[in-house]
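Biologist: Can you walk me through this model? I'd like to go from the overall picture down to single residues.

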Amino acid sequence: GSGAVKTDALIIGAGPVGLFAVFELGLLDIKAHLVDILDRPGGQCTELYPEKPIYDIPALPVVTGQELTDRLMEQIKPFEPEFHLSQRAETLRRTDDGFVVTTDAGTVIETKVVIIAAGGGSFTPKRPPLPGIEDFEGKSVFYSVRRMEDFRDEDIVIVGGGDSALDWTLNLQPIAKKVTLIHRRDKFRAAPDSVNKMFQLVEEGKMDFTIGQVTGLKGADGQLEAVTVKGQRDGETATFDLPASRLLPFFGLTMKLGPVEEWGLELKDNLIVVDTEKFESSQQGVFAIGDINTYPGKLKLILSGFHEAALMAQQAHRYVHPDKKLVFQYTTSSTSLQQKLGVR
Ligand code: FAD
């Protein structure tokens with residue numbers, strides 16, 4: 001209808017795999033739009049580990065989550081993808097010549113094919129059950145570290161026993177005024193090496209570790225001043241306040257498939273079942289690539305998602321340009337591909 005956005009391909013999820021799909025589709029003259037709940041591209045890479053190094057991207061010996069995203073954005077630039085950020089794809093409906101997808105922000109997108117690159121689904125950090133925590137979120141309580149500088153010279157309290165909690169304890173300790181790690185018990189899910197390093201820092205008097213839990217927050221206008229802790233102090237259980245200007249609770253993420261679950265696609269263990277030739281779901285014209293799909297031998301790796309994007313694009317071409325013959329070409333030697341990339 002009128003007011004609807006029209007595109008050849010709609011990619012749901014702007015994680016690394018959704019981003020690379022723009023490239024593979026673009027080479028085949030398929031124009032793409034993307035939708036993401038997050039306010040920026042990059043998916044898990046930018047949301048969960050922007051400053052962590054990745055070591056298994058082919059030909060990039062070391063690249064951080066943020067750098068990988070920046071490079072993908074640069075690589076897909078010639079294809080001028082359009083982003084609909086901070087909105088969730090809610091409904092999918094088949095029409096005579098394609099699909100209509102709507103988002104919770106009211107965007108209506110008409111598309112010939114749908115590519116679900118939704119990763120772990122609409123992932124949201126688990127919120128600790130602390131009264132009034134909403135008021136502090138985004139100001140002094142954070143569920144991820146976007147910029148380390150925001151934590152410099154702060155009194156940081158980190159809660160949790162997994163890799164995120166331990167990694168950020170070790171990464172922020174050198175720049176913080178003070179770091180205190182709080183965990184329910186002295187057993188950790190995190191890598192033993194990180195746990196050992198943390199205890200080493202405690203021994204050297206460079207940070208604190210407390211067994212216990214945070215039971216309350218103190219502060220005003222979104223600025224945290226202290227956290228109330230029920231835990232071990234001097235060998236006894238006590239309730240006490242700990243000065244804190246930043247709180248990082250790492251209680252894990254809820255991996256909910258979200259609206260995608262109601263789209264009538266065949267699922268297995270909350271993942272979308274696809275074939276390994278076209279990475280198409282049980283519905284023709286709806287593809288699933290990256291962490292969201294499942295097939296025998298699936299590895300949840302970025303490089304696998306890149307491969308899946310390339311094969312998906314071949315089949316998408318049949319639906320978007322049914323009258324055109326697809327000729328296999330290399331980017332190194334094809335003049336027409338190089339023209340699309342703007343390098344010739
Ligand atoms: P994601 O990155 O999960 O992106 C999916 C996007 O879809 C998200 O942004 C989400 O908001 C969005 N979305 C979902 N549902 C909707 C909806 N309904 N509407 C709108 N948007 C939606 N992999 C490696 O290969 N090498 C590594 O070294 C490595 N290290 C890792 C370290 C950590 C700490 C973590 C957590 C993961 C690591 N991974 C690594 C895994 C890698 O990050 C994932 O395989 C990769 O991010 C999957 O990409 P994706 O694009 O499929 O999904």
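**Talking through the model**

Modeller: In the protein chain, 60% of the contacts with a separation of 6 or more are between residues 24 or more positions apart; a contact here means two C-beta atoms, placed from the backbone, within 7 Å. This is a predicted model, where local features need pLDDT of at least 70, side-chain atom pairs count only at pLDDT 80 or more, and totals for chains, interfaces and linings use all residues. Residues are numbered from 1 along each chain as its sequence is written.

Biologist: How many helices and strands are in the protein chain?

Modeller: Seven helices and 20 strands. Those are DSSP runs numbered from the N terminus, with helices being H or I of at least four residues and strands being E of at least two. The C-alpha trace spans about 75 × 40 × 35 Å along its principal axes.

Biologist: And what percentage of the residues is buried?

Modeller: Buried residues are 38% of the 344 in the protein chain. A residue is buried if 20 or more other C-beta atoms lie within 10 Å of its own, exposed if 12 or fewer, and partly exposed in between, with C-beta atoms placed from the backbone.

Biologist: Let's go to the ligand. Which residues come nearest?

Modeller: There are 36 residues around the ligand, and Gly13, Gly15, Gly43, Gly119 and Gly290 come nearest. The cut-off for being near is a C-beta atom, placed from the backbone, within 6 Å of the molecule. Helix 1 (16-27), helix 2 (43-47) and helix 6 (302-320) are the elements that give two or more residues to that shell.

Biologist: How does the shell divide into nonpolar, polar and charged?

Modeller: It has 19 nonpolar, twelve polar and five charged residues. Ala, Val, Leu, Ile, Met, Phe, Trp, Tyr, Cys and Pro count as nonpolar, Asp, Glu, Lys and Arg as charged, and the others, Gly among them, as polar.

Biologist: Where does UniProt place the "binding site" feature?

Modeller: The unreviewed UniProt entry puts it at Asp36, Gln44, Tyr49, Ala89, Phe123, Asp291 and Thr332. UniProt positions are in the numbering used here, feature names are shortened, and annotations may be inferred rather than shown by experiment.

Biologist: Take alanine 89. Why does it count as buried?

Modeller: Because alanine 89 has 27 C-beta neighbours inside 10 Å. It is found in strand 6 (residues 89-95). Beyond its neighbours within four places in sequence, alanine 89 is in contact with Ile12, Val35, Val101, Thr103 and Pro259.

Biologist: What about tyrosine 49: where is its place?

Modeller: Tyrosine 49 is in the loop between helix 2 and strand 3 (53-54). It is partly exposed, with 19 other C-beta atoms within 10 Å. Its C-alpha atom is 8.2 Å from that of serine 144, which is 95 residues away along the chain.

Biologist: How many bridges join strand 12 to strand 13?

Modeller: Eight bridges join strand 12 (residues 208-220) to strand 13 (residues 223-233), and the two run antiparallel. Glycine 219 has leucine 224 as its bridge partner in strand 13, and glutamine 213 stands opposite lysine 230. The hairpin of these strands has two residues between them, and aspartate 221 takes a positive phi near 50° there.

Biologist: And strand 13 with strand 14?

Modeller: Strand 13 and strand 14 pair in the antiparallel sense over eight bridges, with aspartate 241 in strand 14 as the bridge partner of threonine 228.

Key:
Pairing = 2+ DSSP bridges.
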